[in-house]
Amino acid sequence: METAYFNGKFIPKEEIRISPDDRGFLFADGIYEVIRWYEGFFYDMSSHVTRLKRSLRELRINWPDADLFPSFAFDLIKLNNLENQPAMVYLQVTRGAARRTHSFPSPEVPPTAYAYAWGFIPDSKSNETGIKVMLKDDIRWGRCDIKSVALLPNTISFQEARENGLKECIFVRNGLITEGTHSNIFFVINGTLFTHPESNYILSGITRKNILRIAQEAGIAIREEAVQENRIRFIQEAFICNTSAEVTPVTELGGNTLGEGIPGPVTKIISAKFNNEIKALKG
Ligand code: PLP
């Protein structure tokens, strides 16, 4: 039996009942977070809580329990016997249930909060040998910095990648490469690491932030600057990153082979340092 968190309580997942008037259902009026459990700890929980609070603030959803996320996420791991395996916790908070109208409910209604945990097998083959990804016009809205559950452009674009036998779809906005449907992307050009700067056109990934720190500590030159799609031929290496995929090399981008078509040396250094950090945290 799967135990989930629902509005402050732990209950069997199948007993959860959400109103058809919930604004998450009607308008995708909600936000989410995803964090990874590494057989003993959550990686960078404090950054996830900070981003969770920011998403809530940006959408003006008043949910008082954001600071309890570390505690109930851990309870979900324990209640579902996931302590000793790689696992993830998903949390979603919506503006709650109210008669449908575009403006926010007045008076305010309680938000709906739902979280669950699941065990997973990391895709170590992709981490080692790399993946091929497609490129596509960024059809998303102008607030990609909010971790909103309104993800239709992301889901249809990822589906398109899948149907083409590719592992991710990378967006291009006004000629600039932004990020993936559920990942950030880095490039290596002549030894310098490039990634799109924090802005309303990308999600500030927690993995992205930690990779920038790790690269800086390793003395790798960094430029938080978008790479133009028409400069792909100058890219020697690329990798995507997110909470579950960590550092995943990209060997082909929009049909273009990058470098030798295998994970490059800078990518390997960053990936190794990221893995070492996880090992050290495991103790
Ligand atoms: N960008 C998008 C659009 C995402 O959905 C995600 C994560 O799912 C990321 C970037 C990476 O974020 P994080 O490293 O915090 O998982």
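On the outward side of helix α5, Leu152, Arg162 and Glu163 are exposed. Keep in mind that this is a predicted model.

**Helix α5**

- Helix α5 runs over residues 152-163, so to speak a 12-residue piece, and its first and last C-alpha atoms are 16 Å apart, close to the 16 Å expected at 1.5 Å a residue.
- Four of its residues are buried: Pro153, Asn154, Ser157 and Ala161.
- Those four sit on the same side of α5, because the arc they cover around the axis is only 95 degrees.
- The background is simple: with 3.6 residues a turn in an α-helix, residues three or four places apart point the same way.
- On the other side of α5 you'll find the exposed Leu152, Arg162 and Glu163.
- What covers the buried residues of α5? Strands β6 (131-137) and β7 (168-173) are included in that cover.
- Look just after α5 and you'll see Gly165, with a positive phi of about 75 degrees.

**Aromatic pairs**

- A pair of aromatic rings is described by two things, the distance of the centres and the angle of the planes.
- Is Tyr5 buried or exposed? Tyr5 has a relative accessible area of 3%, so it counts as buried, the cut-off being under 20%.
- Phe10 is partly exposed, because its relative accessibility of 32% falls between the 20% and 50% cut-offs.
- Tyr32 and Tyr90 are a stacked pair, because their planes are at 25 degrees, under the 30-degree cut-off, with the ring centres 5.7 Å apart.
- Tyr32 belongs to strand β3 (residues 30-38) and Tyr90 to strand β4 (residues 86-94), so this pair ties together parts 58 residues apart in sequence.
- Both Tyr32 and Tyr90 are buried.
- Ring pairs also build a cluster, linking Tyr5, Phe10, Trp63, Phe69 and Phe72.

**Charges over rings**

Methods: Residues numbered from 1 in each chain as written. Predicted model: local features only at pLDDT ≥ 70, side-chain atom pairs only at ≥ 80, totals over all residues. Heavy atoms only, no water. Helix = DSSP H or I, 4+ residues; strand = E, 2+ residues; numbered from the N terminus. Expected span 1.5 Å × (residues − 1). Buried < 20%, exposed > 50% of the residue type's maximum accessible area, 1.4 Å probe, protein only. Arc of directions from axis to C-beta. Contact = heavy atoms within 4.5 Å. Phe/Tyr/Trp six-rings, centres within 6.5 Å; stacked < 30°, edge-to-face > 60°.
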